[in-house]
Amino acid sequence: MKLDDYQESIVKDQSKNMLIVASPGSGKTTVIINRVGYMIRNGIKPSSIVIITFTKAAAENMKKRYVELFHQRNIPFFGTFHSFFYRILLKEYHSIEIIDGYVTFQIVKNVMSKSLGMVGEDRIQEIINAISLYKNHCSSEENLKIFNSSIFMRCYNAYESYKKDKKLVDFDDLQLRIYKLFQDEKKLELYTSYIDYLLIDEFQDCDELQLKILELLCRNKSIFAVGDEDQCIYSFRGAKPEYMVNFSEHFKDGVKRYLINNYRSGQNIVSISRNVIENNKMRNKKEFSAKGLYTGNVVFRICSDEREQAQLISDFIVKNHETNNQKYSDNAILYRTNKECSDIIDCFVRKKIPFNFIDSEYNAYNNFICQDIISYLKLSNDFTDEVSFCKIINRPNRYVSKVIIEKLINNPLKKDCFDFMADTAHLPFFQYKEFYDLKHALLKASHMSALKAIDYIVNNIGYIKFIERYVIKNKLEMRDQLEVIKEFKDNAKEYKSIKDFIAHVEAVNCEMKNSKRRNREGVLLSSIHGVKGMEFMNVFIINCIEGNIPYDKEGKYSNIEEERRLFYVALTRAINSAAVFCPRTIKSRAARISRFIDEGKIKNGSQQVT
């Protein structure tokens with residue numbers, strides 16, 4: 001690949017410590033690879049060069065591209081911070097075993113479940129992230145609230161005790177051990193004397209501890225860092241744009257060079273994204289221009305609610321697929337939080353549009369409230385469904401003991417669950433009557449539409465009483481649980497019978513499993529955080545409203561500049577078109593259009609910038 005003038009001058013630059021400020025789509029990976037090749041062609045030993053990026057996949061991709069381009073037998077180290085630290089620590093400790101991420105999740109989940117009952121994956125992941133920040137001494141005001149909570153300390157202590165007992169470490173431990181090791185000048189020299197040059201990709205994602213380690217490493221070495229503070233979106237991991245803005249304060253005589261040509265996005269996308277990001281103050285001032293093949297189209301659509309939003313997006317994708325022969329995988333739907341994709345998934349399943357996830361998948365039907373109501377619905381259609389019966393019989397509490405439930409589960413004969421209880425449990429009259437009242441109520445519900453049956457189960461059969469007690473016990477917001485029920489009911493509106501709705505739920509579950517298949521052709525669904533570094537022909541950014549983009553946590557915007565950077569990252573994933581959607585209502589609440597729409601000077605409809 002031929003380098004442009006900016007790229008070529010950077011590849012050949014002789015500065016010892018250099019920061020490359022790279023705009024989206026400017027070919028930063030190409031520059032890193034060519035820089036390494038240039039250094040080796042000019043007599044530098046490959047073994048003295050270390051190239052670090054933030055994911056294993058990125059490191060492997062960079063290494064593969066380097067080998068294909070330069071065909072050299074001896075190649076330098078390509079890897080992540082953690083793999084680099086692991087190699088060094090293995091020489092010091094001889095044996096290191098990393099804790100599995102699944103085990104970490106289960107430890108935290110078990111502690112939280114004992115204290116709070118049922119907890120969602122997002123809440124568990126929040127605590128896991130907080131443990132990492134706590135260990136790395138990242139103590140923002142928001143983090144301190146989590147750190148000071150009793151549930152956090154119980155999770156932290158259980159997690160650290162497990163690792164200690166099993167002689168395991170996590171990735172944060174690797175960093176902490178390396179930092180401690182490098183405090184010893186002799187150890188630092190012993191383990192890094194062979195290194196002369198460090199090349200760091202995605203420098204804007206470094207946390208404070210990684211920066212301190214790099215400062216120790218680069219006292220007598222050269223650093224070539226590449227990044228974009230406008231894409232610094234991991235403050236929850238400790239990343240700060242200041243590290244790029246103030247580069248020369250951390251690395252002696254550090255200079256900045258700029259990659260300004262965007263080869264990905266069309267002119268309109270580049271112009272609008274520039275309008276947005278220039279409102280940030282903590283950034284390097286820079287110009288960038290579009291060199292892509294497309295003019296680029298930015299579409300701003302106001303819709304009534306999330307369901308219409310999903311319908312508009314699916315219609316666009318289907319039309320492009322059928323009339324323009326466009327692949328489903330040319331499209332990406334981006335959102336601020338994982339739970340926002342539920343209406344998209346529901347619509348895609350109905351229209352048979354395949355989809356994939358890049359990070360955590362979110363299935364609204366896995367919420368315990370939805371699972372309980374589904375069990376009620378299934379039981380109304382089949383009184384011999386013992387799994388559903390056992391799940392809901394004490395929600396609300398009907399005082400059925402575990403012993404009696406186990407008898408039903410262990411019964412080899414498929415029998416009406418209510419009749420079985422009456423025959424074997426020796427129930428007092430009031431409980432006997434309550435069981436048969438429930439049976440008759442479910443029989444009545446079985447003849448209703450899915451929507452009416454759900455409403456009947458929640459309000460007439462009494463499931464709402466269980467939710468009320470659950471909310472009080474766990475000090476939660478009743479409003480949040482009612483929103484789950486409302487969304488569930490909205491999804492059931494189109495189905496005349498319970499049977500049809502259950503079939504739809506099972507189809508969603510099946511598609512969620514299929515979405516995990518590797519290399520499956522389909523629309524990508526992802527949080528904005530999950531797609532940094534990627535590109536797509538068409539990008540759809542949903543729910544662009546105040547309180548979501550930018551995100552409002554507990555009534556305040558904690559970091560408006562980071563929220564703006566997130567929106568900027570989302571826009572700049574697009575090659576040909578970016579569609580921004582603003583529902584008038586979200587969860588039946590009136591919504592205001594995101595301030596970023598005005599900042600970008602995006603008009604309602606298609607905008608062509610000349």
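This is a predicted model: local features need pLDDT of at least 70, side-chain atom pairs count only at pLDDT 80 or more; totals for chains, interfaces and linings use all residues.
**How the chain is divided**

The protein chain splits into four parts, and two of them are built from separate stretches of sequence: domain 1 takes in 5-93 + 175-259, while domain 3 takes in 297-354 + 521-600. Domain 2 covers 101-168, and domain 4 covers 366-504.

**Where domain 1 meets domain 3**

How far apart are the centres of domain 1 and domain 3? Taken over C-alpha atoms, 33 Å separate them. The two domains do touch: 14 residues of domain 1 are in contact with 10 residues of domain 3.

Eight residue pairs are in polar contact across the interface of domain 1 and domain 3, counting pairs with both residues at pLDDT 80 or more. The count of salt bridges between these domains is two. Elsewhere on the list of charged pairs to look up, the side chains of Glu-202 and Lys-532 meet in a salt bridge, at 3.2 Å from N to O.

**The annotated binding site**

Now for a stretch inside the sequence that a record picks out. An unreviewed UniProt entry carries the annotation "binding site" for Ala-22, Ser-23, Pro-24, Gly-25, Ser-26, Gly-27, Lys-28 and Thr-29.

Gly-27 sits in the loop that runs between strand 1 (17-22) and helix 2 (28-41). Thr-29, on the other hand, has its place in helix 2. Setting aside neighbours within four places in sequence, Thr-29 is in contact with Met-62 and Arg-65.

**A residue in helix 16**

Ser-342 belongs to helix 16, which spans residues 342-351. Beyond its neighbours within four places in sequence, Ser-342 is in contact with Tyr-362, Ala-364 and Glu-487.

| Residue | Relative accessible area | Class |
|---|---|---|
| Gly-27 | 22% | partly exposed |
| Thr-29 | 18% | buried |
| Ser-342 | 5% | buried |

Why does Thr-29 count as buried? Its relative accessible area is 18%, and buried means under 20%. Gly-27, at 22%, counts as partly exposed.

Key
Residues are numbered from 1 along each chain as its sequence is written. Side-chain values use heavy atoms; hydrogens and water are left out. UniProt positions are given in the numbering used here, feature names are shortened, and annotations may be inferred rather than shown by experiment. Helices (H or I, at least four residues) and strands (E, at least two) are DSSP runs, numbered from the N terminus. Buried means under 20% relative accessible area, exposed over 50%, partly exposed in between (1.4 Å probe, protein chains only). Contact means heavy atoms within 4.5 Å. Domain bounds come from an automatic or database domain assignment. A salt bridge is a side-chain nitrogen of Lys or Arg within 4 Å of a carboxyl oxygen of Asp or Glu. A polar contact is a pair of N or O atoms within 3.5 Å; within protein, one must be able to donate a hydrogen and the other to accept it, and residues adjacent in sequence count only if both atoms are side-chain atoms.
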